[in-house]
Amino acid sequence: TSQYIHSIDFLSKTIDFVFVVATDAGLAITEDSGISFRNLPFLNNFKVKKAIFDKTDISGNTFFVATDRGFFLTEDKGATFAKIPEMANIDNITDVDLTINLETGIKKILVSSSQGVYLFSKNGLIINLQTIFNNNSNPDLFPDHFNGAKFMADAASSGNTFLLFSNKGAFLTENAGKNFV
C-alpha cells in the first residue's frame with residue numbers, strides 16, 4: 001500500500017546515511033541508506049508529523065518526533081520515547097524545526113501546533129520554553145492555525161530569526177518573536 005510521507009531527515013555517518021521517515025503509518029528508521037527499514041512501533045498509534053535528528057549526536061541515536069499527541073525525544077534510535085516534560089501540554093503539532101549553535105551548544109526547537117507557536121531552548125540542563133503565539137493572543141493577529149515553522153540563517157546562528165506559516169500568511173521575526181513583519 002502507498003503511504004503519505006510527512007517528513008524525512010537524515011544524518012550522515014560515514015558511508016551510510018541514517019534516515020528517519022514519518023509516514024501515515026508511523027515512524028521508520030534505516031541505518032543502511034534505505035536498503036532496509038525498521039518500524040518504530042511505539043508511535044504507530046500516533047499521527048507522526050515530523051521527525052528530526054539532533055545533529056550533535058553523530059551516532060544517530062537522538063531525534064525528536066512531533067505528533068498529534070505531543071513532542072517526544074528518543075536517545076536510543078527509537079527503542080524508547082519520552083514526552084518532553086516542558087512541552088507536555090502541547091498537542092496537535094503541525095511542524096517543528098531545530099537549530100543548534102555549534103559554538104555554544106544551545107539547541108532551539110521551534111514548534112507550531114493548533115494551540116500556538118513555542119520556542120524551546122536547551123543549554124545543558126537549563127531549559128526554557130517561550131510562547132510566541134497562543135490561543136490567548138490577540139485574535140486579530142493570531143491565525144486560526146499554523147502549518148509551518150522554519151528557522152532562518154542569521155549572522156550569529158542565534159536561532160532568533162524564524163518564519164511562521166499560517167492561514168493568514170507568513171510571519172517573520174528577527175528577535176525570537178518579540179515582533180513580526
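**Buried residues and salt bridges**

Trainee: Why is Thr 173 called buried?
Mentor: Thr 173 has a relative accessible area of 0%. Buried means under 20%, exposed means over 50%, and partly exposed lies in between (1.4 Å probe, protein chains only). So Thr 173, at 0%, counts as buried.

Trainee: What should I know about the model and its numbering?
Mentor: The model is predicted: local features need pLDDT of at least 70, side-chain atom pairs need 80 or more, and totals for chains, interfaces and linings use all residues. Residues are numbered from 1 along each chain as its sequence is written, and side-chain values use heavy atoms, without hydrogens or water.

Trainee: What makes the link between Thr 173 and Asn 175 a polar contact?
Mentor: Their side chains are joined at 2.8 Å. The definition asks for N or O atoms within 3.5 Å; within protein, one must be able to donate a hydrogen and the other to accept it, and sequence neighbours count only if both atoms are side-chain atoms. Therefore 2.8 Å meets the distance limit.

Trainee: How do you know that Lys 77 and Glu 31 form a salt bridge?
Mentor: Their closest N and O atoms are 3.0 Å apart. A salt bridge needs a side-chain nitrogen of Lys or Arg within 4 Å of a carboxyl oxygen of Asp or Glu. So this pair qualifies.

Trainee: Is Lys 77 buried or exposed?
Mentor: Lys 77 is at 14% relative accessibility, so it counts as buried.

Trainee: Why is Glu 31 called partly exposed?
Mentor: Because Glu 31 is at 36% relative accessibility.

Trainee: How many salt bridges does the structure hold?
Mentor: Four. Among them, Asp 91 meets Lys 83 at 3.6 Å, N to O.
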